[in-house]
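Have a look at it first, then read on.

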Amino acid sequence: AEIFAAKGELSKALKICQDNLALLSQDWFFDTLLENPPANQWNQGIYAIPVLRSKAKFLRASFKISQKEEELIASLDAYEKCMSLISFLRKNFKSGESTLLLAEISSPALEEALEVAFSLYKNENKESYLQSALKFMELNKAALLEAEMKDALAKGELDIADEIREKEKDL
């Protein structure tokens with residue numbers, strides 16, 4: 001998909017992403033390249049994250065050419081699905097290495113998602129896009145905090161009450 005995108009063949013890149021998402025989800029079929037699978041239909045969630053992120057990037061690039069607002073909206077939806085999946089996986093991963101990997105994956109995706117949400121807010125002036133941007137900012141802060149805390153805990157540097165750890169994990 002990246003090769004087609006680099007050549008400017010965004011529709012082919014999007015089709016590859018869409019086909020991969022269909023393979024990674026349960027019983028999901030699509031009519032258009034703007035659709036995304038529901039968040040609860042992932043077979044192999046960890047593999048869907050880079051596909052969703054690539055799809056969101058390609059939709060954003062396509063919007064820059066076509067100026068079709070629905071592409072930017074679909075990009076935001078793909079980023080939101082990506083972040084939901086990351087949050088779900090983060091809560092279920094036990095090892096520090098796994099959560100650090102998710103933090104590395106999520107940080108650039110959150111920054112990109114934030115830019116898309118702000119672009120939509122600037123274009124349409126809808127409060128919902130501003131709320132999406134704020135949600136992405138909070139997720140980014142929570143992910144960074146969690147990664148730092150897990151790293152410190154792994155090194156035995158912190159003595160934090162279980163109640164606070166659970167609260168942080170729920171963020």
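How many salt bridges does the structure hold? There are six, a salt bridge being a side-chain nitrogen of Lys or Arg within 4 Å of a carboxyl oxygen of Asp or Glu. Keep in mind that this is a predicted model, where local features need pLDDT of at least 70, side-chain atom pairs count only at pLDDT 80 or more, and totals for chains, interfaces and linings use all residues. Residues are numbered from 1 along each chain as its sequence is written, and side-chain values use heavy atoms, with hydrogens and water left out.

**The overall build**
- The protein chain has seven helices and zero strands, where helices (H or I, at least four residues) and strands (E, at least two) are DSSP runs numbered from the N terminus.
- Of the 171 residues in the protein chain, 40% are buried; buried means under 20% relative accessible area, exposed over 50%, and partly exposed in between (1.4 Å probe, protein chains only).
- The accessible surface of the protein chain is about 9,800 Å², with 54% of that belonging to carbon and sulfur atoms; such areas come from the Shrake-Rupley method with a 1.4 Å probe, and for residues only the protein chains shown count as cover.

**Salt bridges to look up**
- E9 and K12 pair up through their side chains at 3.0 Å, N to O.
- E9 is partly exposed because its relative accessibility is 26%, and K12 is partly exposed too, at 44%.
- D19 and K15 form a salt bridge at 2.7 Å, N to O; they sit about one helical turn apart because they are four residues apart in helix 2 (residues 10–24).
- E115 and R60 meet at 2.6 Å, N to O, and this pair links distant parts of the chain: E115 is in helix 5 (residues 96–124) and R60 is in helix 3 (residues 45–66), 55 residues apart.
- E115 is partly exposed at 41% relative accessibility, whereas R60 counts as buried because its relative accessible area is 17%.

**A buried serine**
- S75 belongs to helix 4 (residues 69–92) and counts as buried because its relative accessibility is 0%.
- Setting aside neighbours within four places in sequence, S75 is in contact (heavy atoms within 4.5 Å) with A56, L59, R60 and V116.

**A nonpolar spot on the surface**
- F118, L134 and M137 make up a nonpolar surface patch with about 250 Å² of accessible area together.
- L134 lies in helix 6 (residues 127–154) and is partly exposed, at 44% relative accessibility.
- Patches are made of residues with over 30% relative accessible area and no salt bridge, joining like charges within 9 Å and nonpolar side chains (Val, Leu, Ile, Met, Phe, Trp, Tyr) within 5 Å.
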